[in-house]
Amino acid sequence: MYERLIGVRRSLTTAPADEIVECLGGALAKAYGITGTELLQVDYRIAALLPLCGDGPVTSPGDPAWRSFDHQAEILHEDTLYLPVTMRGDRIGVLRLRPSPDDPRLRGELAEIATSLGHELAAVRSSTDRYSVGARTRRLTLAAEMQWELLPGRSRSRSSFSLAGQLEPAYAVRGDSFDWADDGHRAWLATVNGMGEGVTAATLTTLAIQALRNARRAGLSLADQASLADQAVYAHHRGVQHIETLLLELDLATGKVLAVDAGSPRVLLLREGEVVEQRLEAQFPLGMFDGTIYHAQSFDLRVGDRLFVLSDGISDATATNTRYGESALERFVRRTRPLAPLEAVRSLLGDVRAFVSGDLVDDAVAVCLDWTGPQH
């Protein structure tokens, strides 16, 4: 068993960056007798699973590949095995293998290999365009390219929390973005909405997020992170442009949340089936004035609570002069309780796209955070 696994993993780590899947296929054929190895990556809209080569996109929600992706589970369908390809909670896609071994032990080994594949794909992402290009159904705008390259990932999980985020319109987003990080004791989340259109908005967002990262990595408090980023944006734009921002810092042991609301999106709390808006003290957007002083406030989460951070591009989405609105938003947030954060975000934005019969016109960002309790 161990020699077989080691051999396949070695094929992953030694493969040329753009040939990882092909090298994996060759190794699986020798070690497991698998003749068909396909990687299906989730696209930028989380609406299709796209084979790296070969067949057309998988879009039907009931398809075994989607069931494996959504439930993060092994799915055996006829002679085909579907395995989630995930890296520390960041869902990359699904590995489709034919024929599937009958032995559950062998399928367990293949599940480990699919996880190893996720780590390798994440490691080579910056050195080859093959996988980024393979996850698109159409060309990204330049602004969208900048925004997606800026993201820390699309989902993240560990024993104490899980979260996921999505940008819309996925292939043409301009100024909305999000960022997160954790260190085992705390998790940080930032959502931003930059002024302007196209590359102007994307450039402003990039400046703000990099300034926030610089401050966070220097060990500054949440309020000081906001102040440093405010100074960076003001120094460059002198108040002509500013950026609406929400900063959250979650204590993973206690559930206490520190927050700086600098013209932020809405924060909805789902607790025991009820949805309430977490109201925060509004402060000036970053870069609006010189030398703004920011203050953090706090609120507490209970184990099992879910937070949604949603920009106004969602509730303000309009079809035939009718807004999607707060009541529809709260109803749908309530219905997401059984879903994992990425499924919840995907379902919500899918509902909004269905409401407007297409892509959103205005930028929108949606982030879902579950606090599952202290680590043990």
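**Note on the cores and salt bridges of a predicted model**

1. Aspartate 359 is partly exposed, at 32% relative accessibility (buried means under 20% relative accessible area, exposed over 50%, and partly exposed in between, with a 1.4 Å probe and protein chains only). This residue forms a salt bridge with arginine 45, and the closest N and O atoms are 3.2 Å apart; a salt bridge is a side-chain nitrogen of Lys or Arg within 4 Å of a carboxyl oxygen of Asp or Glu. Aspartate 359 lies in the loop between helix 11 (341-356) and strand 18, and arginine 45 in the loop between strand 1 (36-42) and strand 2 (49-51), so the pair ties together parts 314 residues apart in sequence. Helices (H or I, at least four residues) and strands (E, at least two) are DSSP runs, numbered from the N terminus.

2. On the basis of the values: this is a predicted model, in which local features need pLDDT of at least 70 and side-chain atom pairs count only at pLDDT 80 or more, whereas totals for chains, interfaces and linings use all residues. Residues are numbered from 1 along each chain as its sequence is written, and side-chain values use heavy atoms, with hydrogens and water left out.

3. By the salt-bridge rule, the count comes to 30. One of the pairs is arginine 306 with aspartate 370, at 2.7 Å from N to O. Arginine 306 belongs to strand 15 (residues 306-310) and aspartate 370 to strand 18, so the bridge ties together parts 64 residues apart in sequence. Arginine 306 is buried, with a relative accessible area of 0%, and aspartate 370 is buried at 7%.

4. Arginine 266 forms a salt bridge with glutamate 330, the closest N and O atoms being 3.8 Å apart. The pair links distant parts of the chain, 64 residues apart: arginine 266 is in strand 12 (residues 266-271) and glutamate 330 in helix 10 (residues 325-335). Arginine 266 is buried at 15% relative accessible area, whereas glutamate 330 is partly exposed at 23%. Both residues belong to a network of salt bridges that also links Glu277, Arg279, Asp316, Arg323 and Glu326.

5. The largest nonpolar core has 33 residues, of which Trp148, Leu248, Leu250, Leu301 and Leu307 touch the most other members. Such a core is a set of buried Ala, Val, Leu, Ile, Met, Phe, Trp, Tyr and Cys residues joined through side-chain atoms within 4.5 Å. Strand 18 (residues 364-371) gives the most to this core, with four residues. A second, separate core of 27 residues includes Leu12, Ile34, Ala114 and Leu121.

6. Beyond its neighbours within four places in sequence, tryptophan 148 is in contact with Tyr44, Leu140, Arg154, Gln166, Leu167, Ala170 and Val173 (contact means heavy atoms within 4.5 Å).
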